[in-house]
Amino acid sequence: MSKYQELIELLAQKNAKLIAVSKSKPNTVILSLYHQGQRDFGENRVQEILEKQSTLPKDIKWHFIGHLQRNKVKYIVDFVHLIQSVDNLKLAKTINKEAVKSNRKIDVLLQIKIAQEDSKYGYDANDLIKQIEALKELSNIEICGVMGMGTFTDDSKVTRNEFSKLKEIFKLLKDQHFNHTKSFKEISMGMSGDYTIALEQGSTMVRIGSLLFGSR
Ligand SMILES: *Cc1c(COP(=O)(O)O)cnc(C)c1O
């Protein structure tokens, strides 16, 4: 069985979805997964997602998973399926404004910083709580859950702790702010090196690149 088929079977058992992270990979490689049934793909650069979206099949669901600059939101707003990396209110407001112009409601995840490394983007959980009411007021974005990246480490205890923390933050947000919001249900966590731990901790969406496509 191919790695892809193995993953799909595991994820079906766990009720989680696969986002195939195709950054830096050519269209031919994306199409070979597409022909096996994969529709959700993740990219982290605006220029690259634009080039791919314009040439690949239109029923692909494009997830934006990287740091997004506000002045580039307008380029992806017409087609993006889910922006997973909203980590500040200004960005959320810009997405909302562009979504109004495009007459769309854009699904987003709130990216939360769970790793110790400084290089990682994402909300500090306490700052997020302070902004949550303002975020909820933005009528053309739909907040569908949270996203996080674990520390790059072989120490599974560290990773397990971080994913468990993200799950707790999700639960707190759900209980206190999104109790009546059906669409608030996603916990996007887990990459090639740590997706089994993420699934054990309740991930609903794993973002996997190198395991499927080989290292970059
Ligand atoms: C690159 C990337 C992934 C996939 O990483 P792999 O280790 O190749 O599976 C997942 N999430 C984000 C945000 C990424 O930038």
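**Figure 1. Asparagine 15 sits in the loop between α1 (3–14) and β1 (17–21).** Welcome to the first view of this predicted model, in which local features need pLDDT of at least 70, side-chain atom pairs count only at pLDDT 80 or more, and totals for chains, interfaces and linings use all residues. Residues are numbered from 1 along each chain as its sequence is written, and side-chain values use heavy atoms, with hydrogens and water left out. Helices (H or I, at least four residues) and strands (E, at least two) are DSSP runs, numbered from the N terminus. The phi of asparagine 15 is near 55°, a positive value in a residue other than glycine. Most residues other than glycine have a negative phi. Is asparagine 15 buried or exposed? Asparagine 15 is exposed, with a relative accessible area of 70%. Here buried means under 20% relative accessible area, exposed means over 50%, and partly exposed lies in between (1.4 Å probe, protein chains only).

**Figure 2. Asparagine 103 lies in the loop between α5 (89–102) and β5 (106–111).** Asparagine 103 is not a glycine, yet its phi is positive, at about 60°. The relative accessible area of asparagine 103 is 71%, so this residue is exposed.

**Figure 3. Helix α3 covers residues 46–55.** Which residues of α3 are buried? They are Val46, Glu48, Ile49, Lys52 and Gln53. Seen down the axis of α3, these buried residues fall within an arc of 160°, so they line one face of the helix. The arc is that of the directions from the helix axis to the C-beta atoms. As for their partners, the buried residues of α3 pack against α2 (27–34), β2 (40–43), β3 (61–64) and α4 (73–76). Contact means heavy atoms within 4.5 Å.

**Figure 4. Arginine 160 belongs to helix α7 (residues 156–177).** With a relative accessible area of 30%, arginine 160 is partly exposed. Which residues does arginine 160 touch, not counting residues up to four places away in sequence? They are Ile197, Glu200 and Gln201. To place arginine 160 in the fold, look also for leucine 110: the two are 50 residues apart in sequence and 20 Å apart in space, C-alpha to C-alpha.

**Figure 5. Serine 192 is found in the loop between β7 (186–188) and α8 (195–200).** Serine 192 has a relative accessible area of 19%, so it counts as buried. Leaving aside residues up to four places away in sequence, serine 192 touches Arg207, Ile208, Gly209, Ser210 and Leu211. Between serine 192 and valine 21 there are 171 residues in sequence, but 9.9 Å in space, C-alpha to C-alpha.

**Figure 6. Stepping back, the protein chain has 9 helices and 8 strands.** Its radius of gyration is 17 Å, close to the 17 Å that the globule rule gives for 216 residues, so the chain is as compact as a globular protein of that length. The radius is taken over C-alpha atoms, and the globule rule is 2.2 Å times the number of residues to the power 0.38. Along its principal axes, the C-alpha trace spans about 45 × 40 × 30 Å. Buried residues make up 50% of the 216 residues. Among the contacts with a separation of 6 or more, 58% come from residues 24 or more positions apart.
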